Amino acid sequence: MSDFDPKTARAQVAIAGARGVTAGVLSDQPRKDVVRNGLFGSLLFLGIMIALAGLALLVGDNLIKGWPRLNMDLLTNGTSSLPANAGLHSAIIGTLWIMAFVILFIVPLGVGSAVFLEEFTGKESRFARAVEVNVQNLAAVPSIIYGLLGLAFIARGPLSLGFTVITASITLALLVLPVVILVSREAIRAVPPSIREGSMALGATRLQTVRRQILPAAIPGIATGIILAISRAIGETAPLIPLGAATFVTYDPSGPMSGFTAMPLVIFNWVKQPQEEFQVLAAAGIVVLLAVLIAMNSFAIWLRNRYEQRW
Amino acid sequence: MQASDIAASGPAAMKPRLEAASPRYGEKITIALLAACAAISVITTTAIVISLLVPSVEFFGDVPIKDFLFGTDWGPTFTPPTFGVLPIVVGTLSITLWSLVFAIPIGIASALYLSEYASRRVRRIVKPVLEVLAGVPTVAFGFFALVFITPQIQKFWPGFLGDEPGIFSALAGGLAIGLLIVPIIATVSEDAMSAVPNGLREGAYALGATKSKVAARVVLPAALSGVVAGIILAASRAIGETMVVLLAAGNTPNLTLNPTEPIQAMTAFIATTATGDIATGSITYKTVFAVAMLLFVMTLLMNVLSIRIVRRYREVYE
């Protein structure tokens, strides 16, 4: 069609006609479909809005109810049976002590397990498969059962550490260890084999490859897993109940062998009190706890998205 | 070694040395330490099973297993004590049922919306918010159920449904747990839906399907096994949830599926009975561990089921 000139009137008419016919055939969506489509989309949108509204209501309700007590006194007052004097101070110290030891346990154990499973075992290794199945199942064990493990094995029984900070730390560490292992494995697996092969081809040993190439590349993912695990451990109440939650610790925990208390436990005790003032206090406490956890989770999610490496 | 040396020294010396120059004991020790780290999870499982099994076996020496599993009277701390576990098992199942009734439609709708309808920008904002919802501590959900959900239910209770729920009810607890497990169903389902190959969607569009038909009749069925796995995972989480049932659902063993009545869930029984001062070896102590054993077996079975479904589903598209 060498003599076709799109500028001529005839060509313009032909193009307009063709466009009209095509649009008429293709965009003629029956009205019924348009309505049904819109309705379905709005229903789905409504679903997600209900979930988000639930979160907003939870945060908003606690913020409004706890507002009168949201001040520095909440953070500096110790435990007290008088609602006017009660605060989170001992609980915050307790949570910090517990978390210090949780971190000490989960970082080497979690990363070590993940490195071993990803780098030093074959797919057909029976030990690796056993560990894998175990980790998956441990992740689904109800948290209260970890509390009973802590009671029967760590506080009493073989370890007999009593109802102390270290008992709480070990119990919570075991509870969140599967999270660290699963997320760290994912991060290590995302490092492409070419990095490994390149490193080994240059004469590095397997351990040198892990330490100098794989771990540095996987650190953002591993850090995400560790932060998520810690935030989960900070918010857990149920496993601490069998470990002597009923005991009213009125002093600041001072070390691994000291009696413990923790933020969610103190909040739980406040919720159970009949006085209205304690309910206000509980709401304020939940706001503090939520602020810490949301900050940590947001940081972890940001970290993951920021450093998500595409190889 | 020079090339001429190799040629001169004959076939025996030509064999290249591929083994390490030194035995590298340090590396071997480090790898053994890493293996020990991995073994911790096996040890943990063993410890859990032993710590639950030993008191449970002792318990079944005192109470016949038939009376425990099928008895309908639960009062282990009463005199005379009764050990029929059914009321608290039904309590747990009732809570789980009502939480799923709420969470399944919301979770699937959220997942479909995020995977099929949402723009990239919306998805990038909403997905992390859902993940934050998953990080809210359970004690906050329990308090929310007690001081917000229950009063709202009582305020807006339609009279034709019978008596309104009291301060403690399976419904309030179920709704709060439902909200808590929505992110599990939504994220697992969304992952499954994003894994559905685009070719399926394009094929459906080419045959003239509308967007809603593609979502409901192509993507959802193709991702169904992932969705089901997410639901099972969420159900197992709901069964094991403690704080919400403890604070909002009551502590009254009650053999009913009626959501307006207070109930006692298995986890709530464990948490109220196994406080730090419980005496090791007493019948109450053994009862707690027998209930925990049952709970452990229930969640374990559901988890194995969910893993199996996911594995089968993976074989289809990868």
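**Entry 1: A:A238**

I looked up A:A238 and found it in the loop between α9 and α10 (263-272) of chain A. The model I am reading is a predicted one. Is A:A238 buried or exposed? Its relative accessible area is 2%, and buried means under 20%, so I recorded A:A238 as buried.

I then asked which residues are in contact with A:A238, leaving aside its neighbours within four places in sequence. These are A:S143 and A:I144, together with B:T242 and B:M243. I also checked A:R196, which is 42 residues from A:A238 along the chain; the C-alpha atoms of the two are separated by 42 Å.

**Entry 2: α7 and α9 of chain A**

Two packed helices are described by the angle between their axes and the distance between the axes. I looked up both values for helix α7 (residues 165-189) and helix α9 (residues 206-235) of chain A: the angle is about 150° and the axes are 8 Å apart. Angles over 145 degrees count as roughly antiparallel, so α7(A) is roughly antiparallel to α9(A). The crossing of α7(A) past α9(A) is right-handed.

Next I listed the residues where the helices meet. Those of α7(A) include A:L172, A:V176, A:V179 and A:V183. Among their counterparts in α9(A) are A:A218, A:G221, A:I222 and A:G225.

**Entry 3: α7 of chain B**

I compared the length of helix α7 (residues 138-155) of chain B with expectation. At 1.5 Å a residue, its 18 residues should span 26 Å, and the end C-alpha atoms are 24 Å apart, which agrees. Where does α7(B) bend? I found a bend of about 40° at B:A145. Finally, I noted that α7(B) is mostly covered, with 14 of its 18 residues buried.

Note on methods
Residues are numbered from 1 along each chain as its sequence is written. Chains are lettered from A and ligands numbered from 1 in the order in which they are written. This is a predicted model: local features need pLDDT of at least 70, side-chain atom pairs count only at pLDDT 80 or more; totals for chains, interfaces and linings use all residues. Side-chain values use heavy atoms; hydrogens and water are left out. Helices (H or I, at least four residues) and strands (E, at least two) are DSSP runs, numbered from the N terminus. The expected span of a helix is 1.5 Å times one less than its number of residues. The bend at a residue is the angle between axes fitted to the seven residues ending there and the seven starting there. Buried means under 20% relative accessible area, exposed over 50%, partly exposed in between (1.4 Å probe, protein chains only). Axes are lines fitted to C-alpha atoms, for helices over the stretch in contact, and angles run from 0 to 180 degrees between N-to-C directions. Angles under 35 degrees count as roughly parallel, over 145 as roughly antiparallel, 65 to 115 as roughly perpendicular and the rest as oblique. A crossing is left-handed if the near helix is turned anticlockwise from the far one by less than a right angle, and right-handed if clockwise. Contact means heavy atoms within 4.5 Å.
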